[in-house]
Every structure is written in structure tokens, then in C-alpha cells.
Amino acid sequence: SMAGRALSFGANLLLSRSLGPDNLGIVNLILSTTQTVEMTVRSGVDFGLSYALTGEGAALPPRRQGEIAHSALRVVQASTLLVGLVVWFWVMRAHGLLPSHLPLPRSWLLTVLLVICSLESLGTVQWDLLLIRGQTGALALRQGLFAPLKIGAAWLGATQAGLFGALSGYAVAVGVQALWLWRIGRQLLPWPPQRHFHPPTALQLVKAGTPQYLTNVLATLVFLPLLASVAKGSGLADVGYLRVGQILVQLFTLLPGALVPVLFVRLRSGSDFQERMRGTERSLRALWWSALICLVGFLLIDRWVLTLFFGPTFLPALQATRVLVLGAIGESIGQLLHQPLLASRRMRLFLVAQNGGALLAALAGLLLIPRIGAAGFLAAKLVYGLVPMALYFAAAWPAFAERQAPLRHLTLTLALVPICWMPARGGQAGWIELLVLLVAAIVLAWEAPSLLRGLRRSD
């Protein structure tokens with residue numbers, strides 16, 4: 001999976017350089033819409049399937065498990081059709097998502113978008129079943145093979161036919177993935193006849209997964225219209241610059257993404273919230289320190305990195321890259337902080353923090369994007385990343401065994417907000433920027449010995 005992520009990162013760099021900011025902006029709109037549609041059409045059945053086919057459900061007869069999975073697939077198929085119609089109306093009738101001036105016909109872009117969205121969405125149940133059935137090797141191909149394959153095919157197409165070739169290559173690769181998923185899905189369970197559908201089972205799956213589904217889908221539904229507003233108000237180039245930030249964010253989320261599931265399993269053995277919070281404290285401190293030291297180092301060389309990786313035409317992506325990276329760090333720290341809450345079944349605070357952050361982000365975007373363009377979108381992402389983190393931090397504060405170190409980390413995180421928001425103009429960092437980064441580096445270096453001692457004690 002790590003190798004696949006590295007390949008995807010490299011392919012994204014090549015694709016970005018081949019397309020340029022404007023065409024990359026269109027790709028960003030299409031991929032963001034695909035992600036939103038894929039999340040929306042699940043309708044909660046992914047969580048419902050997990051509840052139904054694990055634990056006691058794992059002992060159900062294989063035929064019954066196949067019927068349950070088939071009901072989930074039917075829900076996704078119906079949702080895909082419905083959401084596809086909504087997307088068609090939004091793009092063609094309401095003239096949303098895509099701006100008026102496009103390098104390719106609007107109808108063709110919509111056709112490719114619907115093909116990609118449909119194929120990706122219809123494969124969600126098979127991916128969920130691979131996870132439930134413990135087929136980790138096949139599941140790893142999602143990031144290890146198909147993710148770089150899709151971006152790589154888009155890059156090869158871009159080298160031959162620009163934006164048309166990039167989207168066509170991506171669609172072909174998605175089709176290959178869909179065919180593979182269909183074939184392997186047939187082998188997982190004894191599926192009933194195609195016309196079979198049991199509405200009570202489908203309704204039960206949806207109801208079981210609705211709370212988590214609504215929380216996850218809210219943020220996705222918030223940011224897609226905001227991104228479309230940037231495209232219409234500021235232009236496709238700004239959307240392309242946002243894509244550059246999203247690509248570089250991947251480098252800062254690899255470790256948290258790998259640590260969170262392991263941490264959650266370990267924390268479930270704790271007896272109460274305080275014990276679970278202290279069980280995650282050292283991991284939290286180490287990860288937060290690592291993220292900050294990497295961010296400080298990145299802020300010192302990001303102008304050079306952008307020019308080297310993407311070319312000088314993407315240097316205006318400096319602010320987008322900095323703010324999105326800082327927001328992603330906030331989200332990652334928030335994920336670690338809320339694991340003890342989930343393990344202790346304190347769902348109310350989790351729902352308030354996540355949904356409240358999403359709604360505040362939507363409000364910030366709606367108010368600021370018409371005034372300051374892409375910077376308004378960045379403000380919304382920053383709100384979504386930092387507000388839940390601050391709420392989780394406040395809830396966890398009384399349970400920390402050592403309170404000063406996390407407080408320093410929080411202070412440094414907030415102190416870096418203006419540096420990320422207003423980078424100095426030109427090819428060199430300003431003296432205020434360098435001074436703040438130097439102070440942050442000194443504080444983090446001073447804390448390193450005590451952090452290492454704490455990690456040795458935990459071993």
C-alpha cells in the first residue's frame with residue numbers, strides 16, 4: 001500500500017505538469033464529484049453490512065450472507081441512479097459544477113463524469129465485502145494497484161491528447177477496476193438471482209449505518225459546492241492550485257492513516273475514557289510533534305518543492321498547499337483525539353464536533369468565497385480541520401497525564417496559521433516568517449529529548 005501511494009503521488013506529479021493549472025482544475029472537479037457521489041450512494045449500507053456480517057453475523061449461512069450483501073448492492077444501485085440524475089440536472093440544467101468557458105464540450109465532460117462516478121460507486125459494496133471477509137491482499141490492491149493505475153492511465157492519456165486523453169484514460173482504468181471487482185465479488189459469497197430484492201433487509205442495513213453515514217457524508221456534500229463556487233468565481237486555475245495542495249497533503253497523512261485503526265483496536269480494551277485517553281497520549285504527542293517538525297521543515301522549502309515537483313506555473317499554489325497541509329494535520333490530530341471517545345461510546349461529542357465543524361466550514365465558505373475566492377475555500381478547510389480538533393482537545397485535557405506538552409503543540413499549531421495563510425511574496429521567505437519558523441523549530445527541538453524518554457518508557 002505504501003508503494004502504491006508513492007506511485008500515485010509520482011503519477012499525480014506527472015499528470016499535473018502535463019495538464020497545467022486550468023485543465024488540472026477540471027480534473028479536480030471531476031474527481032471531487034466522484035468522491036462525493038461514491039460517499040453519498042453508500043446510504044449507510046457499508047456500516048450496516050459491517051454490523052450484519054461480523055460478530056454473530058459471521059455465523060450466518062453463506063446463502064443468507066449473500067442475500068444481505070445483494071440487498072446492500074441493490075440500495076447502492078438505486079442510489080447511484082438517483083444521484084446520477086441529480087448530477088445531470090446540476091451540470092446541464094442548473095449549469096453548476098463546471099464554469100461556462102470550457103476547453104471541451106460540457107455534454108462530453110458530463111458523460112465522462114457520470115461513467116466514472118457510476119463505475120466507482122457500483123464497486124463500493126465489493127470493496128466493503130473484501131474488508132469484512134478479511135481478504136486483505138485483494139483489498140490492498142485498491143491503493144497498491146488501482147489508484148496508481150488510474151492516475152497513470154490519465155497521465156499517459158494526457159501526454160497524447162491533453163485533457164481529453166487524461167479523462168478517457170482514467171475512465172478506462174476505472175472500467176478495468178470495475179470488471180475485476182465484479183469477478184472477485186462473485187467468488188466471495190453465493191449471490192441470489194439478480195431479480196432478488198428484500199426491502200426489509202435493505203431498510204435494516206440503511207438504519208444501522210445512518211448515524212455514521214450522515215456524519216461522513218455531510219462534510220463531503222459541503223465542500224463540493226464550495227469547490228464549484230471557486231471554479232465559477234475565481235477560475236479553473238485556482239481549482240488546479242487546490243489540487244496541488246491535496247496531492248502534497250498525502251505526504252502528511254500516511255502515518256495517521258495507518259495508526260488510527262490500530263490505535264482504536266488497542267483502546268477498546270481500556271476500562272474507561274480516562275484510561276483510554278492516557279493510552280493514546282504518547283502516540284498523540286509523538287505524532288503531533290512529528291507533524292509539526294515536518295510542517296516547519298516543509299514551510300522552509302515549499303517554494304523550492306513546488307517548483308521542482310510541479311513547475312514554476314504552480315508557484316501560486318503556495319498558500320493553498322500550506323493551508324491544506326495545516327488543515328490536514330488538524331484533522332489527523334482530531335482523529336487520534338476522538339479515538340478514545342469512540343472506544344468509550346461517547347458519540348454525542350463526536351457528532352457535535354464533526355457535524356458542527358462541517359456546518360461552520362460551510363458557513364465560512366458561503367460568506368468568504370464570493371469575497372476572496374479560493375482563499376474562502378481554504379478558510380473553510382481550516383475551520384473544518386481545527387475546530388473539531390480544538391473541541392476534542394478540550395474534552396481530553398483533564399485526562400492527560402502530562403498537560404504542558406500537548407498545550408505547546410496546540411499553541412504552535414495555531415501560531416503557524418498566519419504563516420500558512422499569508423506566505424511572503426516572491427521566491428524567498430520573509431524575515432517574520434523565518435523568525436516564527438525558527439522559534440517553532442527551537443521549541444520542538446527542546447522537547448525532543450523528553451519525548452524520546454517517554455517513548456522508551458512506553459516500550
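Let's start in the core. The largest nonpolar core has 129 residues, and Leu129 and Leu337 touch the most other members. A nonpolar core here is a set of buried Ala, Val, Leu, Ile, Met, Phe, Trp, Tyr and Cys residues joined through side-chain atoms within 4.5 Å. Helix H6, residues 136-188, gives the most to this core: 14 residues. Helices are DSSP runs of H or I, at least four residues, numbered from the N terminus.

A word on the source. This is a predicted model, where local features need pLDDT of at least 70, side-chain atom pairs count only at pLDDT 80 or more, and totals for chains, interfaces and linings use all residues. Residues are numbered from 1 along each chain as its sequence is written, and side-chain values use heavy atoms, with hydrogens and water left out.

Now the charges. How many salt bridges does the structure hold? Six. A salt bridge is a side-chain nitrogen of Lys or Arg within 4 Å of a carboxyl oxygen of Asp or Glu.

Take Arg42. Arg42 bridges to Asp46, with the closest N and O atoms 3.3 Å apart. Arg42 also meets Asp128, at 3.2 Å, N to O.

Is Arg42 buried or exposed? Buried, because its relative accessible area is 11%. Buried means under 20%, exposed over 50%, partly exposed in between (1.4 Å probe, protein chains only). Asp128 is buried too, at 13%.

Last, a contrast. Ser100 is exposed, at 63%. Ser100 lies in the loop between helix H3 (62-93) and helix H4 (106-122).

How values were computed. Helices (H or I, at least four residues) and strands (E, at least two) are DSSP runs, numbered from the N terminus.
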